[in-house]
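This report looks at how two chains of a structure meet. The sequence and structure come first, followed by an account of the contact between them.

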Number of protein chains: 4
Amino acid sequence: MKKTMRAVVKAKPQPGLEFLDVQIPKIGRHDILVKVKAASICGTDVHIYRWDPWARDRLHLPVGVGHEFSGEVVEIGTDVSLVEVGETISAESHVICGYCDMCRTGRGHLCRNTKILGIDRDGGFAEYISIPEANAWIDPEDMPSEIAALQENFGNAVHTAFTADVRSKRVLVTGCGPVGVMTIAVAKAIGARAVYATDISPYRLQLAMKMGADATFNVKEVNVVEAIRAVTEGEGVDVLLEMSGAPTALHDGFALLKPGGEAALLGLPGRPVEFNFDDLLIFKGIRVYGVIGRKIWETWFQARGLIRSKVVDLKPVITHRFPLELYDKAFQLMISGECGKVVLLP
Amino acid sequence: MKKTMRAVVKAKPQPGLEFLDVQIPKIGRHDILVKVKAASICGTDVHIYRWDPWARDRLHLPVGVGHEFSGEVVEIGTDVSLVEVGETISAESHVICGYCDMCRTGRGHLCRNTKILGIDRDGGFAEYISIPEANAWIDPEDMPSEIAALQENFGNAVHTAFTADVRSKRVLVTGCGPVGVMTIAVAKAIGARAVYATDISPYRLQLAMKMGADATFNVKEVNVVEAIRAVTEGEGVDVLLEMSGAPTALHDGFALLKPGGEAALLGLPGRPVEFNFDDLLIFKGIRVYGVIGRKIWETWFQARGLIRSKVVDLKPVITHRFPLELYDKAFQLMISGECGKVVLLP
Amino acid sequence: MKKTMRAVVKAKPQPGLEFLDVQIPKIGRHDILVKVKAASICGTDVHIYRWDPWARDRLHLPVGVGHEFSGEVVEIGTDVSLVEVGETISAESHVICGYCDMCRTGRGHLCRNTKILGIDRDGGFAEYISIPEANAWIDPEDMPSEIAALQENFGNAVHTAFTADVRSKRVLVTGCGPVGVMTIAVAKAIGARAVYATDISPYRLQLAMKMGADATFNVKEVNVVEAIRAVTEGEGVDVLLEMSGAPTALHDGFALLKPGGEAALLGLPGRPVEFNFDDLLIFKGIRVYGVIGRKIWETWFQARGLIRSKVVDLKPVITHRFPLELYDKAFQLMISGECGKVVLLP
Amino acid sequence: MKKTMRAVVKAKPQPGLEFLDVQIPKIGRHDILVKVKAASICGTDVHIYRWDPWARDRLHLPVGVGHEFSGEVVEIGTDVSLVEVGETISAESHVICGYCDMCRTGRGHLCRNTKILGIDRDGGFAEYISIPEANAWIDPEDMPSEIAALQENFGNAVHTAFTADVRSKRVLVTGCGPVGVMTIAVAKAIGARAVYATDISPYRLQLAMKMGADATFNVKEVNVVEAIRAVTEGEGVDVLLEMSGAPTALHDGFALLKPGGEAALLGLPGRPVEFNFDDLLIFKGIRVYGVIGRKIWETWFQARGLIRSKVVDLKPVITHRFPLELYDKAFQLMISGECGKVVLLP
């Protein structure tokens, strides 16, 4: 086996990424080496590409990028028992400690010592990646690599939609990026009466319709509060799934919630937001859930069930594919917003 | 308006029913008079027809039969404020007191003083029925009368399926009578990964497939426990929805439940059943829910959402229609089991 | 019976209240007339007294004030069936419609047509009050009138503390007004491992200790976040019960929440608050519940159980009593903050 | 260090136990060696002593007995990172696999590959025991050894009482063995309005009173259903915590449940029981929870909170102490039933 590989690396404290020859990672006793077959770009990767304040605070350079991927196990550590060479896997990107109070009470997604692949340690936009065996999710052999890679991100959608009770309810999804549109598909699959979706991009609103939205609203063009009241007999919605992080989405979404409604928040505003707790939350008896990552492994089992039973079809989400070396073009496309999920193929 | 009407009445303490001329009911201040447009036959009505021990204990004769119906409001009491003459309604069949501890804590379906239409007071297999306005559920004008009539019974299916968390889970529905097959449709609509169904009637198992079951198993022909393990990688199911009341369904259903599974029980065994609490319930940490009636009105709102959004289609459940005067033929068909839901048209 | 009575009335659009001779209220068919025995002053009454912007927007003058009271039923309407003359009652202050979607799904506390006694219709700081029989809560004969009067407000505390799971958890109660200190008592009674309390008033913090707080912190004197971390091995708290409406209490309370924590919000900030959703809510996977009023009647049953079983003792909360005609002195005391609950005796 | 130790061993397939010299256990890379300071006898140990059918089916002889213990860590395996030599620990007795679907979804107490200390591998009625570090629960230094040993069994009580919502509710605990009386203490600590307890032993009913029961009923002397209805205004109880496994306790307990009530079942009948699902479970809309083991580690954290905050005092449960070599006398006492928890001191 060769010693080096090609990898997309954040090497310098400035915008952009580099495509470098680096050592193929060594594996520890409990690690596995994965030959990456497909990887997909996440909004977080774009933050790293752009080198925004969050990225500058969080990253220690150099670090290989990418945390959504699938591949084949090509080597295993001496103590590995859960995975075998030759198996196809995807990966939970949160490497959790296993011993903090969160991990010890079945809430590993809130682990106090989380390290994230492609952020805190080398990631999957590379020919090979080393991960702990505990992070491996064995995929069925007949699952396409790009769908397998997408599962991590799909898990965010599942986690969000499963947090609230959407059965026979009217649901508003604010933000139609890839996670948003997958959330629409999940909400429909688990019985939402209607799913309304908002965004500022016509491209993404169209994708929302493809993924099952009953109606979409462009925030730039209509007064969303009035428009959604109009299609709900003035009642508004039972459930808000906030995927955008936009302050106006928070305000409008909560304004549209019926008394007793539920809101699951995944989108990150990135800065403090003025919020009217009295009218938007307390007087209406709203319940709000902060959503982060995926429940390990509950969300993965749920995601698998939805995919395998075909009640959710993820294919339309993947709109573009690039060979790994064209990563820069892929990132530029992501920044344009004129895409769904973009897949890199090493 | 005429003074008398035709009604199906349990008049004598013996099997069968009679088709009589009776007074059109008077309404009290809070009651409404409904001209029945469609009514459907429930298993409970068959118990009354057959005059089985339960019926003999419970009924005070004579009493008009039938509790699933829809119709038009033709007269309202002086204090009625929620319903207007000319509106189309269905009815919650449980007339609840409103003041017991159950009613006062949002659990009217468990009211300690429940009276049931068609059992404890005159029912809807008649040209007219008087009901409290509090029991009226106003239907959209474009809803077919027979679907509207079916909502009460559909509510049992919704109540049962909504009791457990079926999202992305494997679900076993034991018993494919009309409520059973509607429960299958609901479970699929709210995201079950797979729904397996059992019964002893090929006719009903075929209906189960029409309503969305992924696979059916005839208890007379196969070992259900083995057969369902075989299609679930040996794991069994996450959720049992027991709609038959058959002791073998209880045993097999619980045997198939995975650890941590949930069971919702609607079918009534009718007599004590030998049950292995250790292996079937305690060691596996199973949760069990007794299901009775419909949550008033939560279940009705849920049912409406599923019907209006077309995620559930009830049409295939209705397999036969008879004019009211052919009620006896309709009951004979029900007894044969070679039918889904049978509708009577006054 | 005499025709007029003495009542505390908001008669003019300016600060203060008046003590007037008014007609004894007439009762409708479903109403009861109650001779008030004790009434307690709520923070809302102080808003009305002060004539702040909220009060100016909401009230239509003149209106009798007061919504926490108990008394004896002295007359009943012709259709009343739940209450008899001579019985002692307290009152749910929210007069709900009974037919909106919230009322019809067991969520009357979120009724879309709520009218509140003493705000939207004449209240209980008077010799007599007329209320719907549906709002009467029959008290045991041996319950002291002032405790009976307090139940409505105690219900807010019960509702808040019961919203989260405090069993064996560390709980922070921000705000030690009367509802806050009753919430402390409830949290302790239902198994909190420790209850920490914050306020700016030494008087109220002392009352918090009397009601069962394990430790109190004066926000003016210490850095609450540091101080509570210090007594919780750096971990913070599992549950926040926010009773003050103070923005700093929101920020500090959420900052102290452990990942996976729960926050129940009853206090009303009164204006939009800058809030860091990322760090305080989303990254930590926090669940938040807006709390308004009391679940009707679930909260009342819960409150009764806590009082009757003596696991909560409300006596220390009542710190002052005044004859009704000294209402102005009572309100001045309330404004000073140097009191717990203040009772008026007609 | 010496090579052999004294241990209570099930060596022969017949009633009784033996006190033998055996090798001090070797530890693997992830194990720790614990010098036992205190151990307590569980009902399961009595089954093994008696060599009943369950024991005959389950055990492979010889095996050291005892799964409730505490002690000092005296040696650690080369890969151990969570525990240090010199620390005082108790142990979760279920050795779980960590990779089955139950373990991977936060439900380790339902692990499909559970091995139990003192049943499937050598236990803690010995001078030393080897356990996986993953099973160690580090205790505070000031916790008495016998209380520390008791935590495993106390966890069963916590798990059971926390399964239902007992806040402000009337609770029936059937069975006043050690777990039963600890469950009483927990139910009171987390806000039960009243706890009623039943058993056939006056000694145990007295212990129930000491642990906080509001009233006790000897099943041999009174009709429990009538007696408990009499003290609950005819209403019965909201929650049943079944700790005895006695069929009559199941029947009476469910008969006493109010509509909408909850039942948590920990006691094992040991054989199928005739049960009236219609009247006892379905018509009343009862929810039932099978309870096994302890949630790992959620229950342990809950148990710690209750003990450390002193809302539960376990001292009265421990009624007898014996040096380890008098184990046979201790078992005879357990069989007599005239005891609470019996502690062995190596």
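## The interface of chain A and chain C

In this predicted model, 36 residues of chain A are in contact with 36 residues of chain C. The size of an interface is often given as the accessible area lost when the parts come together. Here chain A and chain C bury about 3,000 Å² between them, and 67% of that area lies on carbon and sulfur atoms. On the chain A side, P259(A), F277(A) and I282(A) supply 20% of the area buried against chain C, more than any other three residues.

The rule finds 2 salt bridges between chain A and chain C. One of them joins K258(C) to D101(A), with the closest N and O atoms 3.8 Å apart.

| Element of chain A | Residues |
|---|---|
| β15 | 257-265 |
| β16 | 273-275 |
| α8 | 277-282 |
| β17 | 287-290 |

By residue class, the side of chain A that touches chain C divides into 20 nonpolar, 6 polar and 10 charged residues.

One of these elements also takes part in strand pairing between the chains. β16(A) pairs with strand β16 of chain C, residues 273-275, in the antiparallel sense over 3 bridges. Within this pairing, V273(A) has F275(C) as its bridge partner in β16(C).

Notes: Residues numbered from 1 in each chain as written. Chains lettered and ligands numbered in written order. Predicted model: local features only at pLDDT ≥ 70, side-chain atom pairs only at ≥ 80, totals over all residues. Heavy atoms only, no water. Contact = heavy atoms within 4.5 Å. Buried area = accessible area lost by both parts, 1.4 Å probe. Salt bridge = Lys/Arg side-chain N within 4 Å of Asp/Glu carboxyl O. Helix = DSSP H or I, 4+ residues; strand = E, 2+ residues; numbered from the N terminus. Nonpolar A, V, L, I, M, F, W, Y, C, P; charged D, E, K, R; others polar. Pairing = 2+ DSSP bridges.
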